[in-house]
Amino acid sequence: MTEVTMLGRFEAGPGGTQHIFPVPVYWEDTDAGGIVYYANYLKFTERARTDMLRGLGINQQEMLREDGANFVIRACEIEYIKPARLEDQLEIVTVITSLRGASLHMQQDVCCEGEILVKTTVRVACLGEDGKPQRLSSAINDKFNAILGYSGLLAHTTAKED
């Protein structure tokens with residue numbers, strides 16, 4: 001299997017450990033006026049979530065193959081505050097705000113030079129092969145708790161162990 005490296009970084013922040021993911025704005029990300037097309041912010045935040053999982057050592061393909069589980073977006077709220085533009089160097093700042101047995105909530109801010117341009121709140125669910133909620137395995141739960149522990153939030157699951 002090919003080793004995949006994380007592009008972002010983890011840092012201590014005001015809301016706990018945060019993941020920061022760099023996103024340069026290219027021509028293809030913008031409309032005719034050089035402003036980032038609104039739907040592309042969702043793509044940027046998706047890339048940041050995937051990178052964060054990689055950084056935590058969570059391989060989504062292995063999770064699906066070994067546990068029969070995968071992550072899906074259950075809900076997403078987005079607030080557009082100010083547009084990003086062609087050539088901007090964005091950072092997606094992700095903080096896990098809560099963790100439950102089969103889901104987690106994240107705040108993801110799209111920033112440019114320290115200013116928040118777009119805010120998203122995302123609820124991610126873990127589903128089994130049958131499409132029903134499935135508790136996170138203890139191993140994955142522990143990886144999330146490792147970064148939640150910094151902010152004092154700890155979640156516990158009753159996942160079955162083999």
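Here's a quick rundown of the nonpolar cores and salt bridges in this structure. It's a predicted model, so to speak of local features pLDDT must be at least 70, side-chain atom pairs count only at pLDDT 80 or more, and totals for chains, interfaces and linings use all residues. Residues are numbered from 1 along each chain as its sequence is written, and side-chain values use heavy atoms, with hydrogens and water left out.

**Nonpolar cores**
- A nonpolar core here is a set of buried Ala, Val, Leu, Ile, Met, Phe, Trp, Tyr and Cys residues joined through side-chain atoms within 4.5 Å; buried means under 20% relative accessible area, exposed over 50%, partly exposed in between (1.4 Å probe, protein chains only).
- The largest one has 19 residues, and Ile-58, Phe-71, Ile-96, Leu-104 and Phe-144 have the most contacts inside it.
- Helix H3 (138–148) is among the elements giving two or more residues to this core, and H3 supplies its largest share, four residues.
- Another core, of 14 residues, lies apart from it and includes Val-36, Ala-84, Ile-92 and Leu-117.

**Salt bridges**
- With a salt bridge taken as a side-chain nitrogen of Lys or Arg within 4 Å of a carboxyl oxygen of Asp or Glu, the count comes to four.
- Arg-9 pairs with Glu-11 at 2.7 Å, N to O, and with Glu-91 at 3.3 Å, N to O, so Arg-9, Glu-11 and Glu-91 form a network.
- Arg-49 and Glu-46 meet at 2.4 Å, N to O; Arg-49 is buried at 8% relative accessibility, while Glu-46 is partly exposed at 37%.
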